[in-house]
Amino acid sequence: MTTLVNTDLREQILAHADSAGLPGSSHHKISTFRAEALEKFAAKGFPGRKDEEYKYANIRPLLKGEFDFSTGAASLSEADINALLPSLEDAIRIVLVNGMFNKELSKLQSVSGLSIESLASYAEAGKLPGSIGTYADAEDPFVALNNALWTDGVVLSLSRNCIVEKPVYCIHIATSDAARMNQQRFIINMEDGASATIIEHYETVRLSATSFTNNVTEIVMKSEAILHHYILQNECENGVIVTSTNTCLDGKATYHINTVTVNGSFVRNNLNIVLNHPFAEAHLYGLYAANGNSLVDNHTLVDHRVRDCQSNELYKGVIDDQATGVFNGKIFVRQDAQKTNAFQSNKNILLSDDASMNTKPQLEIYADDVKCSHGSSTGQIDQEALFYLRSRGIGPDSAKRLMIQAFADDVINNIKQEDFRKFVSSLVTKKLG
Amino acid sequence: MSDNIIQIKNLHAQIDGKQILNGINLTVKPGEVHAIMGPNGSGKSTLASVLAGRDEYEVTEGSVTFKGKDLLDMDAEVRAREGVFLAFQYPVEIPGVSNINFLKTAINEIREHKGLPPIEAREFLNMVKEKQKLVELDVALANRSVNEGFSGGEKKRNEIFQMAMLEPSLAILDETDSGLDIDALRVVASGVNRLKTENNGFIVVTHYQRLLDYIVPDFVHVLYKGKIVKSGTKELALELEEKGYDWIKTAEIAG
């Protein structure tokens, strides 16, 4: 094989795709699933500035150079991981290193009704989780790429009335000295009355080249299921993350999602929620702190398909230096979705003259008996408030810190798991302090 | 060290090129209450803002000496740490910042400035309890975000509560009476009276004499067109109440 230098990542992917030896490839069903997706990706390639959905999030310049496609085990110790985590002693720990489920570093516990499996082992046995590819939009180029090339991931199932008290803490670690791509996949199934707290935490350890993580999560929730889902993104300046989280509330379920982006050079989160059963509820919170030249882009879609559902959304951003923030919040209220309650708010503080924020609420309402509202504001630190604090003896730096912390707490305080909330709060304080 | 708390000499100030103060002279000694009265637009609030250190105002002439130090040379937060307190005419709402956290931060920064260690948690809480009683501030309000959703009266009471907590040498009350009903006015005034000692001083800026029924001034000054045109004792305030400001204006023009 020829050495590929300065070819873009799409070409490298297409050249490597056949020889990838991906899990489950020997099974027809799985190889067909992958092949169809690869075709889609090949046709589209990575989105660029001209793609409306990725207008501000141009990933192409970040994916130059030669990528390493090996899936060999990286050497990480338990101490490396402990150093990154809050002291959640009793958490069920799942460790993914460069997109591969690492059983040695994970701390799985036996809980009745809960099953946690590696997607790769699942696929090697010729099985494909029923919901894979069902909820994520196969037309999205990153989803197509993941459909084609996922190397591993987690299949998490909660049976009827299974209540997992301990948080399920999943840490994604990127570690490498060569540029690489991590394609992982999460499948979460919650039966009637199941309840859990699932934390996804993105980190980098000894990462000296670009790491492009492309994660796809598909969640289906049945009646009375409750999920508290927290995503924390804290990668180094070599970290590039694209996530696609797709949650379908297929019963009268309640979904809480809180996405906090603290560090990383490029982060794009696609969050798609389908309210598919009356009285289903979704609560979406997001906080992003961007500085340097980084970009954080959150695209959310809440699809009210049926009547009597509720969605509540609050995203907040603090943008400094030359960083860019993007928020695009779509709400669809279908014709049958009468008595919908849908609220959305996006608030941003710009800390420098060169920081920018692009925000776009998009409401499409086809039902006539609904309550929907949206609001967006982007501004600088309130000078009157700053003077008020200074006039009480508080220096300008701590005054700003107090105000920004209060701004961020609005989102952080919705994290119900106390130890994790404190941990997130301290990371955010450190970043913004 | 001077005996005066503050000595303002020939103070001139402008904002956006517009001259507002045209040579103010005023000295406040420990234990004194000075009322500044005057018609709208005479520069009362500007004087309060300049003393508190608002950046938008530019001092073009004159000096202000605060406990022997050059006040105009200090940033707003340093003035506060040295003992200047401004009770705002329109207290600002700061969403999410709790009153208690805010005051603790302020007290500790003031203590640090004085070379003192941070306040003990118990001492702080006792102080909060005691001062809350003094201004009859609802316990629930003290724990809420700074001024957020407070009524006009609650905001002013919160100003006096902060003053009680920070124990300034000089408190400047900028139209603290505006927007207050008579009961709130009485509570605010009695808070001020209880905080008055032999060692601190007050500058009470007001448009109406009404407040001075409750906070009895030692001196009353009338500000007009950025200058003190008349000074007297509390009887001057009564005279103003009776005759309005027009006779001052006429006298000024004639003089």
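Me: At what angle do helix H4 and H6 of chain B pack, and how far apart are their axes?
Reply: Helix H4 (residues 121-135) of chain B packs on H6(B) at about 135°, and their axes are 9 Å apart. Keep in mind that this is a predicted model: local features need pLDDT of at least 70, side-chain atom pairs count only at pLDDT 80 or more, and totals for chains, interfaces and linings use all residues. Residues are numbered from 1 along each chain as its sequence is written, while chains are lettered from A and ligands numbered from 1 in the order in which they are written.

Me: And what counts as a helix or an axis here?
Reply: Helices (H or I, at least four residues) and strands (E, at least two) are DSSP runs, numbered from the N terminus. Axes are lines fitted to C-alpha atoms, for helices over the stretch in contact, and angles run from 0 to 180 degrees between N-to-C directions.

Me: How does H3(B) pack with H6(B)?
Reply: At about 35°, axes 10 Å apart, again with a right-handed crossing. Leu103(B), Ala106(B), Ile107(B) and Ile110(B) of H3(B) touch Gln162(B), Met165(B) and Leu166(B) of H6(B). That contact has six nonpolar, one polar and no charged residues.

Me: Switching to sheets. What's the strand order in the six-stranded one?
Reply: S6-S9-S10-S3-S11-S12 of chain B, an open sheet with mixed pairing. Strands pair if DSSP finds at least two bridges between them. The edges are S6 (84-87) and S12 (227-232) of chain B, each pairing on one side only. Neighbouring strands are turned by 20° against each other on average, direction ignored.

Me: Which way do S9(B) and S10(B) run, parallel or antiparallel?
Reply: Parallel, with five bridges between S9 (170-174) and S10 (201-205) of chain B. Leu170(B) has Gly201(B) as its bridge partner in S10(B).

Me: Which strands does H6(B) lie across?
Reply: S6 and S9 of chain B, and H6(B) runs at about 170° to S6(B). H1(B) lies across S3 (33-37), S6, S9, S10 and S11 (219-224) of chain B, at about 145° to S9(B).

Me: What about the four-stranded sheet, what order is that?
Reply: S2-S1-S4-S5 of chain B, open and antiparallel. Its edge strands are S2 (18-28) and S5 (69-70) of chain B. Helix H1 (44-52) of chain B packs on this sheet too, touching S1, S2 and S4 of chain B, at about 70° to S2(B). Seven bridges link S1 (6-15) and S4 (58-66) of chain B, and Lys9(B) has Ser63(B) as its bridge partner in S4(B).

Me: Okay, the interface. How many residues of each chain are in contact?
Reply: 20 residues of chain B are in contact with 17 of chain A. H2 (76-82), S7 (94-98), H3 (99-113) and H6 (152-166) of chain B each supply at least two residues of the side of chain B that touches chain A. H3(B) gives the most, with five. That side of chain B divides into 13 nonpolar, three polar and four charged residues.

Me: What ipTM and pTM does the predictor give the complex?
Reply: An ipTM of 0.95 and a pTM of 0.89.

Me: Which element of chain B has the lowest mean pLDDT?
Reply: H9(B), residues 246-254, at 72, while H2(B) has the highest, 98.

Terms used
Two residues are in contact if their C-beta atoms, placed from the backbone, lie within 7 Å. Ala, Val, Leu, Ile, Met, Phe, Trp, Tyr, Cys and Pro count as nonpolar, Asp, Glu, Lys and Arg as charged, and the others, Gly among them, as polar. pLDDT is the predictor's confidence in each residue, from 0 to 100. A crossing is left-handed if the near helix is turned anticlockwise from the far one by less than a right angle, and right-handed if clockwise.
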